[in-house]
Each structure stands twice: as C-alpha cells, then as structure tokens.
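Biologist: Could you take me through this structure step by step? I would like to begin with a single residue and then widen the view.

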Protein chains: 2
Amino acid sequence: MKSTKIEFVIQHIHEQIKARSLLPGSRLPSVRALAGLLHLSVSTIVEAYERLASQGIIEAKTGSGFFVAGPLAPLSISEIHPKIDRSIDPLWISRQALEAKQGVLKPGCGWLPDDWMPHENIRKAIRKVSKAPASILTDYSTPLGLAPLRELLSRRILSKGIEARPNQILLTDSGTQAIDLICRYFLKPNDVVLVDDPCYFNFHALLKVHQIQIIGVPYTPTGPDLEAFSQAIKKHNPRLYITNSGIHNPTGAVLTAPTAYQVLKLVEQSNLIVVEDDIFADLELHSAPRLAALDGLSRVIHIGSFSKTLSGSVRTGYIATQSEWIEDLADIKIATCFGGNNLSSEILYAALTDGNYRKYLEELKVRLAKAMDTTVKQLEKLGIKTWVKPSAGIFLWCELPEYFDSARIAQNCLEHGVILAPGNAFSQSQNFKNFIRFNVAQSIEPKIFEVLSHAIQHEIEQQRL
Amino acid sequence: MKSTKIEFVIQHIHEQIKARSLLPGSRLPSVRALAGLLHLSVSTIVEAYERLASQGIIEAKTGSGFFVAGPLAPLSISEIHPKIDRSIDPLWISRQALEAKQGVLKPGCGWLPDDWMPHENIRKAIRKVSKAPASILTDYSTPLGLAPLRELLSRRILSKGIEARPNQILLTDSGTQAIDLICRYFLKPNDVVLVDDPCYFNFHALLKVHQIQIIGVPYTPTGPDLEAFSQAIKKHNPRLYITNSGIHNPTGAVLTAPTAYQVLKLVEQSNLIVVEDDIFADLELHSAPRLAALDGLSRVIHIGSFSKTLSGSVRTGYIATQSEWIEDLADIKIATCFGGNNLSSEILYAALTDGNYRKYLEELKVRLAKAMDTTVKQLEKLGIKTWVKPSAGIFLWCELPEYFDSARIAQNCLEHGVILAPGNAFSQSQNFKNFIRFNVAQSIEPKIFEVLSHAIQHEIEQQRL
C-alpha cells in the first residue's frame, strides 16, 4: 500500500520535471510542504525523494534540501532496431535475434522461446540464493569458480564417460567465453583453426576476433569428412579443431563412434587440440560418443553451458581439461574479466540440483520431438527437405533448390517480422547458399510459413526474370 | 668469471621473455645498449646473445639485430595448490586474495570485507527479480544490455559531467571485461599502451594477455607526470592510455583539473585514446574532474562497475563512448561471450534504484574515513609513511625505507596468514620495491600489524647480515 503512494510521488515529480514546472537546478518542495500538499505522510515523501536521488534524477545538498539534477539525457527512441540492411555476416543472426522486438518471430534463433524454459525452477533457485550467507552475495568468486558446482559438473560429465576431477573444471561466464579463453591460450594471430562446414556461426565471429585463418571441413551425417579432415591437417598444420559433440549445430547430425575413433587417430598424429562444445548435451535422447571420453581429456577439451536448457540470462559455462591448462586458463580469466559471476553459479547450482530439472527435461524432449515432426511437415508443404532427420535437439538443417538464395529470402522475411538463419552464415566455404536452419521450438506460429511461402514465391519470380 | 656474467645476461633475457616484457618477434636491446644498462662488456653480451640464438630462443637477422623467436611464454607459472612460492607477478595478489581461506587476513586485496557490503539491499533486489516476468529469467540480454540500467547509468555519469545517451552505453560483465573489449577493438600485438606507474596490477596482466608493450608513466599526487607523458607519446606512439579517474589505484591520489586539461591537450596532438576507469566513483567525497567530461567522450572512453560498492558476485560493468564504437564493441562482445548476464543487470538495477543504496554509501564513506585514520596511525607506529594522504577511497600507498624488499615481506606475511600487496606488482618499471598498498577496510585486525612488524624486523636483520 505504502509502495503505491511512494510510486505516486515519484510519478508526480517526474511529470513536473517533464512539464518543466521543475527546472534543472531548482529546489524541490520541502518534504513537509509536499506531504501537506499531497495529503501523504512525511516518511512517504522522504522515501520517494531517496529513490529519486538514487536514480540520479534529484540531488540532496546537505542542509539545503533536494534539487533537480540536470537535463535528462534524451532517451533514444531509436533503441538500435534490427538493421534490415546490415550485411549477412556471422553476427547477422545473433544481432537480429537478440534485438528482435516483441511480436517478431524467430525461427532462425538458437534458443528456446521463453515460455518453454523452466521459470519456476529458476525462481525457486533465485529465492533460495536470496537467503544465502552474505559472502555469497558480495564476494568475488574463487579463481576456478564455485566448488559444489564444479563437483556436480564432474559427476554430470562422468555420465558421458568423461573423467574430470573438480580441479580440472573451470567455470566461465558462458560456453562462448569458454572457447574464447581456450583461443586466447592456444592461438596467435594467423594460426589455423579447423571448424565444421557448416558450423555454429558464432565460431566464425569468435575466430575473426582472434584474427585466425579458418578452414572448414565438410560435415557429413556421421561427423566430419575424414578424408578432408586428414588433408586439412596435412596442408594447414592447424592448432585447434572446434566442433560440437552430441547434437551438431546447425545440422542436427550426430558424431558416430567409428568416425570419432578415426578423428582421434588423425588428431594424435598431428599438432591439433580439439575443443568439443557440448552445449546441447541435455537434449539428447541417446548418449552419442564424446571425443573427450575416448581421448581421456588428453588432446580434447570439453566445454558446455546451460544456456539452452535452463537460462540464457543466468550465464555460466565451463571448461574441463588437464589441470595444468585449467590453472593457466584461470590466470587468463582473472586477467581479462577478474572473477566469474558467483551469484549466477549459485543460482545455476540450486536449479540443477532441484529434482524438477530432470522432470522438465523429460517433458521438454517430448515437446521438442513433437515440434520437430510438425515443422518437418510444414516445411515439406513448401517443398523444403531436411538434409538429415535429427534424432533430437532443436534444429533442422534444410536444403532448398540449388538456385535459391536463402540470404535474400531471409532479408525478405525480416521485412515481414520473421528472422531466419540463412545457410551461408554457418559456412566458411559459403557453399550453403540454398540452406536454412530452423529452430523447431520457434517455428510453431503458422505465420512463419506464410511469410516464408511468399518469400519463396518471390524468389522463384526473381529467378524467372 | 666471464662465464658467470654471460649466464647472468642469459638469465636476464629469459626472465624478460617469461614475464612477456619481451614478446615473440620483438627486437632485443642492441648489444651496446644492454652492455651499458647492465654495466657489462660488449663481448659478454655478444656471447650471451650467441648462446641464446644457438638454443633457438632468439634469432639473429642480418643487419637488423636479434629478435625473440617465440613461442609466447605462458602467462605465469602456476601451481595447483597454495602458492606461497609463486613468484610475484601481476596475478600474484589477485590469486592469493581470491583463493584465501577463511581466517586469512587480506590488507592487500582490492575490495571491501563482505560484512561492509550492503547485503540487505542485494537480498531485496534478488527477491524482487525472482518475481520478474519469465523472459527476464531466461532470455539472453539485448546486445547493449538492459535498457533501464543504461538509462540510469546515463543519468548517473551526467552528475560527473559526462554526457552519454543510453545508446552510447554498453553493459559488460565487469569493469575488467570493459577494458578487455576496448583492447580487443583498438589493439594488435606489439602495440604500445601507456599506464600509470604505479597502476592497478591487473592492467599489466590484461595487457600481457594482449601481448602489448606496456610503458609506465610516473604518477604524481596530481596525476600523470606531464613531461614523462609527453615524452612517452613522442617516443612510443602509443595507442591507448589506461588510467583511473576519481580515486587512483594504488596511490589514492586524485587527478587535478589543471593536470587533466594538460593531459587532454597532449592526447589531442597524438594518436592516443584514453580509457578512464572510474570504478571507485561512488567512494568520492568531492567530485574530481573526469577526462571524459572535459573531452566530451571524443578521445576518452569512460568505464565503470559496481563491484567495489555493491557486489563482486553480481557482476556488471559498462562502457560509455561514441555510439559508433559502442556498436562495434557490442559485436565483439557477442562474438566472445554472446550475451551479457541479464539477471545480474536486473539485480543491479533494483539495488541501485533502492533509496537505501545512497544511505549505505554515506555511511560507508564515514566508516572508510575512520578506518583510514586508524590504519595511518597503525602504520606510523611501524615507521611506515603514506606517499600521499588520500582524500577518500580504500587505499593507502605506503613507502618503506629504500633498502626494504616488500615482495620478501609479503612472502613472509603470507606464511603467517596475511596477504599484502607489494609495490612492484603495480609497476612496469619495478621501481616500487619498497612500497606496499594497504586496503584500510581490510586492515582492522591488530594481528596484521603484529605480523607486519615481525616481517619488518626480519627484513632489517636480513639487511644486517
């Protein structure tokens, strides 16, 4: 009740400033005077003034009262809208999807809709952490990060056959930051890094920041093309190979055991270190082989996060590797971002150790399987085929007739409020001009396929001209 | 005899490479210059260089001298367990302080004790956010970060005279990450960066990750030494100057208006961009001039965070600069860590807009002023003087008699459960062997001064031997 009155006073002052009844530098009414004027208690006015002062809208001057702080910086109306004319580079999809306003449809984005995420789980975890000891709320994290979470991760990855003690695990602020730290540790400008072709577009963006030569190895439905992989090693002497294990992004394909074995044999004969990004681990129905498990964390570094299944807002990722490298990576982490976000680690730990998380995952997998079926059917109606039928996950990698330009289709759809993920954004070779990645959980709205159908029609007409 | 001297030179070069003072590809001092510097004969240096070349550590290029061969030295030597014997490099204090067990005293650390921090404020903010709409709990942040927080920051920095619209502000995960992103945007390996000498030790660690040549400019009680600053610009053509505004770390000195004006005049005639780290802004009693305010965010980039006064666990920092640079920095942020931590931004926003934060700051400043008085007196009893009497903040920069080795004193104190911050950890020139930085809020326990007194006694005895 009191809170509403305070809000009322704040609103009142805001309006006076906006209407220039209160000019910058002018003194506000005394607490007592305003209380009398508005028929409110002195304490309500005091609290409202305190809040306005803490927001920098008014200033207290000792002994003389409160004053309007100054011209409000103009609130930009153009809060950086999606840039329709921005060229389609590796950051195109990220920025479109991250900047999308309410109502824009995002079959091109890489995450679940917010109403698919386990809010109650997170709310409960946040409430729990709000009662934690003081030190958890204000202290910097230890260099490796929250010990109980590292112990939990150690047990979790053991279920995929990966043996890492807690002191072989470094918490990071995200899966992306995990790869970034590894790049900082192993690479120097102009080094060569292998990625899958196609691969998660942000690998390209990240490697470009590091000024790295990127070589794409064609990805097949069972993993990287071994002949091309072997040739790339011989020809380029690459330092890292960055790939997804479990469910591959964008193709939805899964690395098979024989391919994994052959990949490791080739890696062993080279100078190569493998970064295995396992960010979709919790969406698997059946556990695929992990390179880090076969190799015993000798040449393979395992990374992951929970952005896809718990929250993209509470950010925590991790690196599992040899303890010697972990120590050096922790030094780089301190140097470049000081501590990690300990509060987020605590929230994540509380959410993961709540029994509901497992139940939520079971339901999520069923929901995703249904969405995948529906999306496949919708796409088939438009004559669009999937490159492989994924066994799980959120992505469909779709092939359009060869003469189609999916970047142009994406631009066209964006003008109608639908953000797509055109194939070449995922490709170093730019060989996927006629591909599109669909996120099945973000492809529920029929409007998406209407807009897409029109864009395809438009594309066909373009071709005829 | 000569052989020992040659070994000494070899050792000297090894250490420079190890400390990343000499980077791969960089030229070694000429034979004649090094001979002069080390007071050794030219032939000794020639022989040492020849041996290093034969070991492949350096390379001779005909007609142009000797060059470091590579690869890059690891960032530092790390051990897995308590690191009492770890050499004192820029990461020494960070890791000691971050890893300290309960009961260890930390006058050397850079933050407030947890019972000085505003827990109830943070708890309230966390509870508030636990009730926020679902999207806040699970969605990735927008590229620039939470809009209301950027609006608040825009108003807050306006009170220091810095005009930045909300779309000129990029949220980051920490003040350190803010500087890291700026380094990634403006620097390439072997570029030259100016820092204050002494300066916050993590600037050195961060710049070493970027393989930057660091040049220290002596810091005076009114700001950087202008003559040295001017000379450094002429001689090294540096790209960035990274400094603290408001309260300087570690000295507690404050940049004065005339010095600020002269610094900007020199900057304008150069290729230099200034990064002004304002992380202690909320501890000021009187507002010092800000370079970013004078310069209108043209050549000066303003950064800050709330790790020191709100929480080191809920991490959010920011960059305020030209909107064109903000857009590019946002791209780098997405590429290297995808989204920011939106949940932390929401918690920070709730905590900052709660009227209690301002009250807490008022009390904190009084408490710090008292702690500063007490610490000064305790140090005086041990014959330790402060280099300048700080007007506010948490640090005292203390000078011991010239023959004291504060690194040795720090090692000694660490063995007795007290973590100090020895002077040379803050210095590129290594000219502060006999300095120590004290955090007055962490110097309440009398045991600190007992341990310190013994260590000093031990040091005096060492000198007599």
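Modeller: Let us begin with B:I17, which counts as buried because its relative accessibility is 13%, and buried means under 20%. Please keep in mind that this is a predicted model.

Biologist: Where is B:I17 found?

Modeller: B:I17 is in helix α1 of chain B, which covers residues 2-18. The C-alpha atom of B:I17 is 14 Å from that of B:Y49, a residue 32 places away along the chain.

Biologist: What about B:S130, is it buried or exposed?

Modeller: B:S130 is buried, with a relative accessible area of 3%. Its place is in helix α5 of chain B, residues 119-130.

Biologist: And which residues is B:S130 in contact with, leaving aside neighbours within four places in sequence?

Modeller: They are A:R123, A:I126, A:R127 and B:L137.

Biologist: Let us turn to chain A as a whole. How many helices and strands does chain A have?

Modeller: Chain A has 17 helices and 14 strands. Its C-alpha trace spans about 85 × 60 × 45 Å along the principal axes.

Biologist: What percentage of its residues count as buried?

Modeller: Of the 465 residues of chain A, 61% count as buried. As for contacts in chain A between residues at least 6 apart in sequence, 73% of them join residues at least 24 apart.

Biologist: Why is helix α14 of chain A described as largely enclosed?

Modeller: Helix α14 of chain A, residues 342-352, is largely enclosed by the rest of the structure because ten of its eleven residues are buried. Among the buried ones are A:N342, A:E346, A:I347 and A:L352.

Biologist: Now for helix packing. At what angle do α16 and α17 of chain A pack?

Modeller: The angle between α16 (residues 406-415) and α17 (residues 446-464) of chain A is about 130°, and their axes are 9 Å apart. That angle makes α16(A) oblique to α17(A). The crossing of α16(A) and α17(A) is right-handed.

Biologist: Which residues meet there?

Modeller: From α16(A) come A:R408, A:I409, A:N412 and A:C413, and from α17(A) come A:V451, A:L452, A:A455, A:I456, A:H458, A:E459 and A:Q463. By class, the contact of α16(A) with α17(A) has six nonpolar, three polar and two charged residues.

Biologist: One last topic: how many residues does the largest nonpolar core have?

Modeller: The largest nonpolar core has 282 residues, and those with the most contacts inside it are A:F229, A:I319, A:L452, B:F229, B:I319 and B:L452. Apart from that core lies another, of 21 residues, which includes A:V9, A:L28, A:L34 and A:I45.

Biologist: Which residues does B:L452 touch, not counting residues up to four places away in sequence?

Modeller: B:L452 touches B:L379, B:L382, B:I384, B:I409, B:C413, B:L420 and B:F438. As a general point, in soluble globular proteins nonpolar side chains tend to be buried together.

Key. Residues numbered from 1 in each chain as written. Chains lettered and ligands numbered in written order. Predicted model: local features only at pLDDT ≥ 70, side-chain atom pairs only at ≥ 80, totals over all residues. Heavy atoms only, no water. Axes fitted to C-alpha atoms, helices over the stretch in contact; angles between N-to-C directions. Helix = DSSP H or I, 4+ residues; strand = E, 2+ residues; numbered from the N terminus. Parallel < 35°, antiparallel > 145°, perpendicular 65-115°, else oblique. Left-handed = near helix turned anticlockwise from the far one by under 90°. Contact = heavy atoms within 4.5 Å. Nonpolar A, V, L, I, M, F, W, Y, C, P; charged D, E, K, R; others polar. Core = buried A, V, L, I, M, F, W, Y, C linked by side-chain atoms within 4.5 Å. Buried < 20%, exposed > 50% of the residue type's maximum accessible area, 1.4 Å probe, protein only.
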